[in-house]
Amino acid sequence: MQEQKGLGQRIRELRNMQGLSQEELALRAGLHPAHLGHIERELKSPTIDTLLKIASALQVELAALFT
């Protein structure tokens, strides 16, 4: 059975696949880098608006954050 990754881990994985730092992704998404860090470490739950910004900055569909 495959272990389910959390949303924050998936965002970090996609960010790393594109060679982006947290700061670069945060800038592209219009977020504060610390806020993105909290999301990746799953300390904060992002709103749907924030998820849309992150998906757009990563140039992926929103669903890609959950698969």
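Student: Is R10 buried or exposed?
Tutor: Buried means under 20% relative accessible area, exposed is over 50%, and partly exposed lies in between, using a 1.4 Å probe and protein chains only. R10 comes out at 15% relative accessibility, so R10 counts as buried. Keep in mind that this is a predicted model, where local features need pLDDT of at least 70, side-chain atom pairs count only at pLDDT 80 or more, and totals for chains, interfaces and linings use all residues. Residues are numbered from 1 along each chain as its sequence is written, and side-chain values use heavy atoms, with hydrogens and water left out.

Student: Which residue does R10 form a salt bridge with?
Tutor: The general idea first: side chains of opposite charge can pair when their charged atoms come close. To count as a salt bridge, a side-chain nitrogen of Lys or Arg must be within 4 Å of a carboxyl oxygen of Asp or Glu. Here the partner of R10 is E13, with the closest N and O atoms 2.3 Å apart. The two sit three residues apart in helix α1 (residues 7-17), so about one helical turn separates them. Helices here are DSSP runs (H or I, at least four residues), numbered from the N terminus. E13 is partly exposed, at 24% relative accessibility.

Student: How many salt bridges does the structure hold?
Tutor: Three. Another one joins the side chains of R12 and E40, at 3.5 Å from N to O. R12 belongs to helix α1 and E40 to helix α3 (residues 33-40), so this pair ties together parts 28 residues apart in sequence. R12 is partly exposed at 27%, whereas E40 is buried, with a relative accessible area of 1%.

Student: What else does E40 meet in a salt bridge?
Tutor: The side chain of R15, at 2.7 Å from N to O. That pair also links distant parts of the chain, with R15 in helix α1 and E40 in helix α3, 25 residues apart. R15 is buried, at 8% relative accessibility. Put together, R12, R15 and E40 form a network of salt bridges.

Student: And the nonpolar side: which residues have the most contacts inside the largest core?
Tutor: A nonpolar core is a set of buried Ala, Val, Leu, Ile, Met, Phe, Trp, Tyr and Cys residues joined through side-chain atoms within 4.5 Å. The largest one has 15 residues, and those with the most contacts inside it are I11, L25, L31, L36, I54, L58 and L65. Helix α4 (48-58) supplies the largest share, five residues.
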